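Colleague: I am new to this structure and would like to go through it step by step. Please show me the sequence and the model.

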Amino acid sequence: MVWTLYGLPMVQPHSILVVTINGSGCVIELIFVTIFLIYSDRRKRLKVLLLLSLELVFITTLTFITLNMVHTFKKRSKIVGTTCIIFNIMMYASPLTIMKLVITTKSVEYMPFYISLASFGNGVAWTTYALIRFDLFITIPNAIGTTFALAQLILYATYYKSTQRQIAAKRANEEVNLSQVATRRANGEVNLSQVVVGCDGQESKPNN
C-alpha cells in the first residue's frame, strides 16, 4: 500500500507502473486476507483485523501528511520513499529466520524454492527498472532483497542433497514404524487366539 502511494502522480510523477503493479498486489493480498478471515477461528480473525486497522490508520495518516502538509514532489517522494525502503527491507529480511533454520538443520525442507526464486526475479526486475530511472528509493530495497534472495538460492543449492537424504531417512523410519505396528497388531491377534484356545482347553479338562 505504501508503494501504491509512492507511485501516485502527486507524489512521484511518471510512475504508472509502480501504481498499477502494487495496486494489483494490494487487491490480490486483500483476497487472500478475506479468505483467511472467512476460514480462521475467532482469535486469529480478531488479531488480523486489528493489524489491518493499524495499517489503515498508518497509511491514512501518511497520506494526509504527505498530500496536505508537504507541497513539493521532491519532499513528498522523499518521505514516502524512505518509508517504502524501511518496509521493503523488512519484507525481504523476514526469511532470515528460515535461513538460520536451514543452516542449523542443514535442510531446506521448510524454505520453498519457488518463493525464493520468485523473490530473486522480482528483486532483479525492480532493481533494473530503478537503475534505468535512477530512482534510489526503489533501487536500495530491491537490491538488498535481491541479495537476500540470492543467499536463499545458494543455501538451497548447498543443502539440497542433504535434505533429500534426510527426507529419505524419515520415510524409511516411517515405513519401519508402520511395519512394527503391523507386526505388533498381528502378534496381538495371535496371542488373543491362544488365550481363547487355552481357556477352552481348561474348560474341557474337567469334562474328561
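What follows is a set of questions and answers on the helices, their packing and the cores of this predicted model.

Colleague: What percentage of the residues count as buried?

Modeller: Buried means under 20% relative accessible area. The chain has 208 residues, and the share that counts as buried is 25%.

Colleague: Which element gives the largest share of the largest nonpolar core?

Modeller: The largest nonpolar core has 14 residues, and V2, W3, Y6, V18, V80, C84 and I138 touch the most other members. Two or more residues come from each of α1 (2-6), α3 (42-69), α4 (73-93) and α6 (113-133). The largest share is four residues, and the element that gives them is α1.

Colleague: Which residues does I138 touch, leaving out those up to four places away in sequence?

Modeller: I138 is among the residues that touch the most other members of the largest core. Contact here means heavy atoms within 4.5 Å. Beyond four places in sequence, I138 touches W3, Y6, V18, W126, Y129 and A130.

Colleague: How many residues are in the second, separate core?

Modeller: Nonpolar side chains tend to be buried together in soluble globular proteins. The second core includes M99, V102, Y156 and Y159, and its number of residues is seven.

Colleague: Are α2 and α3 roughly parallel or antiparallel?

Modeller: The axes of α2 (residues 16-39) and α3 come within 8 Å and cross at roughly 150°. Angles over 145 degrees count as roughly antiparallel. The crossing is left-handed. The angle therefore makes the direction of α2 relative to α3 roughly antiparallel.

Colleague: How many charged residues are in the contact of α2 with α3?

Modeller: V33, F36, L37 and I38 in α2 meet K44, R45, V48, L49 and L52 in α3. By class, seven of the residues are nonpolar and none is polar, and the number of charged residues is two.

Colleague: Is the crossing of α3 and α4 left-handed or right-handed?

Modeller: The axes of α3 and α4 lie 9 Å apart, at an angle of about 155°. The two helices are therefore roughly antiparallel. In this contact, F58, L62, T66 and L67 of α3 meet R76, I79, V80, T83 and F87 of α4. The crossing of α3 and α4 is right-handed.

Conventions:
Residues are numbered from 1 along each chain as its sequence is written. This is a predicted model: local features need pLDDT of at least 70, side-chain atom pairs count only at pLDDT 80 or more; totals for chains, interfaces and linings use all residues. Side-chain values use heavy atoms; hydrogens and water are left out. A nonpolar core is a set of buried Ala, Val, Leu, Ile, Met, Phe, Trp, Tyr and Cys residues joined through side-chain atoms within 4.5 Å. Buried means under 20% relative accessible area, exposed over 50%, partly exposed in between (1.4 Å probe, protein chains only). Axes are lines fitted to C-alpha atoms, for helices over the stretch in contact, and angles run from 0 to 180 degrees between N-to-C directions. Angles under 35 degrees count as roughly parallel, over 145 as roughly antiparallel, 65 to 115 as roughly perpendicular and the rest as oblique. A crossing is left-handed if the near helix is turned anticlockwise from the far one by less than a right angle, and right-handed if clockwise. Ala, Val, Leu, Ile, Met, Phe, Trp, Tyr, Cys and Pro count as nonpolar, Asp, Glu, Lys and Arg as charged, and the others, Gly among them, as polar.
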